[in-house]
Amino acid sequence: MTHDPAEDSPLQLVAANGQPVGGDTLASPVATDLVWLELLRDGLAFDLRGLQPRDAVAFPSVEHRFDLPDMPGPARFEAMQLLPGHHLAGGERTLPVAKALMALARDLVHHFEELEAVVWPPSGSAIGRRFFESVSTAWLDGGAFPALGLTAFRETVDGALQSVGLEFWIDQELRIEPPLSSDKVAATRLGVRLINQMVIVGGIEQSERIIAPDGSRLLLSVSRNGKFIRVSRE
């Protein structure tokens, strides 16, 4: 932690501009708007917003859930926002910054039982605390990218299985075409494997051929606009 506005007492706050916020000014809307908390991880600074005395941040849009019995919403949950500091502007999608952000979120989940879920806005995913702690730790320790959470999958109108949120990482989405997508469980497993590989290599620019886990030959082709990696049987 590099900056704690509360320091020794909630009546001795420090504003973002370095000016003290004392007892009378604490109730001022201007003063509470200046209060902030900066956390340090791997030499990188991140801001945590939504702490008292300010209101919680707006609840994010959620479309997918992992290891949660119900879809979370503002009726039962309050949201805080953890995001890269201003000095990291433009580098939010680089792996060092993203991994430091995930590590910090993992540590917060580990230390505060009140945190029930982590929401990853690029994929619209809400991830239960235990699942998030498990998959993020595995990734940070050199394991597979947590495709179920930091990305998600949806079925398109033509029956394809398409990733959601992979674009944040590689500027492309993965699309498993019919009839390869007819078995949604198998297609999801294949998608998870391919997403892990795509995050490592940074996407593809031309067609490639691979061998699927079942031994069949698959073709990875890039859509005309370059935004989709299409997966089909050769």
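Helices (H or I, at least four residues) and strands (E, at least two) are taken as DSSP runs and are numbered from the N terminus. The structure is a predicted model, in which local features need pLDDT of at least 70 and side-chain atom pairs count only at pLDDT 80 or more, whereas totals for chains, interfaces and linings use all residues. Residues are numbered from 1 along each chain as its sequence is written, and side-chain values use heavy atoms, with hydrogens and water left out.

Three strands form an open sheet in the order 3-4-6 with antiparallel pairing, two strands being paired if DSSP finds at least two bridges between them. Strand 3 (37–41) and strand 6 (81–84) are the edge strands of this sheet, each pairing on one side only. On average, and with direction ignored, neighbouring strands of the sheet are turned by 30° against each other; axes here are lines fitted to C-alpha atoms, for helices over the stretch in contact, and angles run from 0 to 180 degrees between N-to-C directions. Strand 3 runs antiparallel to strand 4 (residues 44–49) and is joined to it by five bridges, with leucine 39 standing opposite phenylalanine 46 in strand 4.

Grid points are joined across faces, edges and corners, and a volume is the space filled by probe spheres set on the points. The largest pocket has a volume of about 1300 Å³ and is lined by 42 residues, of which Leu48, Ala79, Met80, Gln81 and Leu82 lie nearest its centre. Two or more residues of this lining come from each of strand 3, strand 6, helix 2 (95–111) and strand 7 (117–120), and helix 2 gives the most, with seven residues. By class, the lining comprises 33 nonpolar, three polar and six charged residues, where Ala, Val, Leu, Ile, Met, Phe, Trp, Tyr, Cys and Pro count as nonpolar, Asp, Glu, Lys and Arg as charged, and the others, Gly among them, as polar.

Across the whole structure, eleven salt bridges are found, each defined as a side-chain nitrogen of Lys or Arg within 4 Å of a carboxyl oxygen of Asp or Glu. One of them joins the side chains of glutamate 116 and arginine 76 (3.7 Å, N to O), and this pair links distant parts of the chain, 40 residues apart, with glutamate 116 in the loop between helix 2 and strand 7 and arginine 76 in the loop between strand 5 (64–66) and strand 6. Glutamate 116 is partly exposed at a relative accessible area of 38%, whereas arginine 76 is exposed at 62% (buried, under 20%; exposed, over 50%; partly exposed, in between; 1.4 Å probe, protein chains only).

A salt bridge also joins the side chains of aspartate 171 and arginine 93 (2.7 Å, N to O). Aspartate 171 lies in the loop between helix 5 (167–170) and strand 11 (173–176), and arginine 93 in the loop between strand 6 and helix 2, 78 residues apart.

Arginine 175 forms a salt bridge with aspartate 158, the closest N and O atoms being 2.3 Å apart. Arginine 175 is in strand 11 and aspartate 158 in the loop between strand 9 (152–155) and strand 10 (161–164), so the pair ties together parts that are 17 residues apart in sequence.

Note on methods. 1 Å grid on protein atoms, 1.4 Å probe; cavity = no way out; pocket = protein on both sides within 12 Å on 5 of 7 lines; lining within 4 Å.
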